[in-house]
Amino acid sequence: MKFDDVLSEINGFGKFQVKMFLIQMLSRITLPCHFLLDNFMGAVPPHHCNISTLDDGGIFGNLTPYQQLLVSIPTEQDGTLSSCQMFAKPQYEYLSGNRTEEESFVECQSGWVYDNSDFKSTLVTEWDLVCSRKGMNKATTTIFFIGVMIGAPLFGFLSDRFGRRRLLLVSYLSSLAFAVLSAFSTSYVMFTIMRFFTGMSLSGISIISIALNVEWCSIEHRTFSSVIISLDWTLGNLFLTGIAFFVRDWRMLLVAVSSPLILAIFAWRWLPESARWLLVKKNAEAAHHYIAKCAETNNRSECIATITSKTLLESAEVDTGDKKYTIVDLFRTPNIRKLAICSGIVWYGVAFTYYGISLNITGFGLNPFLTQFVFASIEMPIKIAVYFSLEKIGRKHSQVAVLLSVGVCLFINIFVPKDKWIIRTTVAVLGKSMSEASFTIIFLYTMEFYPTVVRQNGLGYNSFVARLGVSISPLIMLLEDVWQFLPTAIYCAVAVSSGLVASFLPETLNTQLPEFIEDIEKPRNKSTRKMVIQ
């Protein structure tokens, strides 16, 4: 009897699993809040140079505010005020409509004046991250995701060594602590350091929670449960939009979106450990305890009489002794090495394009709150479609299809003028929905093709590669200064390339979760184990 058969006997998707999903939802809704927080926390409001230094105590002080700007700030080709330049001295001839050929421009001398109609304060207004310093604003996002990138393999390794449950608590506590410290940072350097550690800590919640959920679900319910779990991201996205709309100060916003972690810490005591992990570690008694609790909660107590500690140990039939698995084991043998390389490329492409679209909500003609709301709202129906796609055509073909669709949408928007904002937004929303679908699929897909002994290491490695893509993604937007459509063209090329690589991954629809690397290298029972590397 395999462990999946044990789960089926005690109901692989009952009240026990629903309770576990709801508890973890408290922490998981904070993930999109932090991952997409820079859309609001790092928003760049309209701004122009502070012109107070031009006040000569004479004519200038008698002008209206409009006239002061007219003689102090040059205009761009579209008629808007320049954000980064001012006249060296007041151009009073502009008041009569005359212009001189000898205009002298200088960089802003006394800082900037910001339009606070949308945001009370952001990182940009706090530390003047505009003009020559605008790269520092993008850098905060990159540094955050570098933290996520480093945290992924770290928490993957630690949770495979010490268990899912313990490391989840560590993630909860450290994420909350560093988020609060970020909110009360007194300097830009302190803020970026705290955001780095916040990202590292949140990475543990991201990869451990999804693994714990999937490991408690039986084969027939894996697809449905994974789609349900992914709705946490949608709820978190909507939560972020609502909180950001009402909380316009970046410090209070950071505290507000982190607050669900307080409830998650108190609810942690009711989370179970992964019985699969316990069996791999030969801790049959603890595994039997949680299996019995699952059976009792799911009203299958009569089944526990036939499931003993010995039966559970037999379900993990390969003896690995006291071997400690690490990320290196993902590359030791040919089949799992091919899995690791191909899945790493796909994860990179999925994350790179998803955040390339998601972190550019100001480029479609709508205000950021409405764009974020539209992006979040489209996720619910697309995930329902993903469920049927995964069940009907499988994981591999679904992954390939959505990534190629993202590439097509990005390609189309290259040729749509910016004044056609309705068309641009429609295509962007469709592309965003496809990129969200690709993320939903790849998480389930990865959980299914990696063996239990290295599942967290595998997910940690893939998350590391993905966050590498995410770290680079915001910086790609700076290439707009080279060519307006260069960032979009790069996102498009990466989406298409990763979609083609996904075709080399195995199909895992209706297959048992592999427990050991040997299950992938030497499939023993093709009637129940069809996942063969193609």
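Modeller: One term before we start: a contact means heavy atoms within 4.5 Å. In that sense F439 touches W347, V350, A351, Y354, Y355 and R467, leaving aside residues up to four places away in sequence.

Colleague: Which residues have the most contacts inside the largest nonpolar core?

Modeller: F439 is one of them, along with F35, W216, I291 and Y355. That core has 124 residues. Helix α10, residues 188–215, gives the largest share of this core, with twelve residues.

Colleague: And what does the second core include?

Modeller: The second core is separate and has 21 residues, among them V402, L410, M477 and A495.

Colleague: Back up a bit. What does the chain average in pLDDT?

Modeller: This is a predicted model, and the chain averages a pLDDT of 84, with 92% of the residues at 70 or above.

Colleague: Where does pLDDT stay under 50?

Modeller: Over residues 524–534, where the model has 27 contacts beyond four places in sequence. Where pLDDT is low, the predicted coordinates should not be read in detail.

Colleague: OK, cysteines. How many disulfides does the count come to?

Modeller: Two disulfides. One joins C49 to C108, S to S 1.8 Å, and is left-handed, with -65 degrees about the S-S bond. C49 lies in strand β1 and C108 in the loop between β3 and β4, so the pair ties together parts that are 59 residues apart in sequence.

Colleague: Is C49 buried or exposed?

Modeller: Buried, with a relative accessible area of 0%. C108 is buried as well, at 15%.

Colleague: What about the link of C84 and C131?

Modeller: The S to S distance of C84 and C131 is 1.9 Å, and their link is left-handed too, with -95 degrees about the S-S bond. C84 sits in the loop between α6 and β2, and C131 in the loop between α7 and α8, 47 residues apart. C84 counts as partly exposed at 24% relative accessibility, while C131 counts as buried at 16%.

Colleague: What is the pairing in sequence order?

Modeller: Numbering the bonded cysteines along the chain, the pairing is 1-3, 2-4.

Terms used. Residues numbered from 1 in each chain as written. Predicted model: local features only at pLDDT ≥ 70, side-chain atom pairs only at ≥ 80, totals over all residues. Heavy atoms only, no water. pLDDT = per-residue confidence, 0-100. Core = buried A, V, L, I, M, F, W, Y, C linked by side-chain atoms within 4.5 Å. Buried < 20%, exposed > 50% of the residue type's maximum accessible area, 1.4 Å probe, protein only. Helix = DSSP H or I, 4+ residues; strand = E, 2+ residues; numbered from the N terminus. Disulfide = S-S within 2.5 Å.
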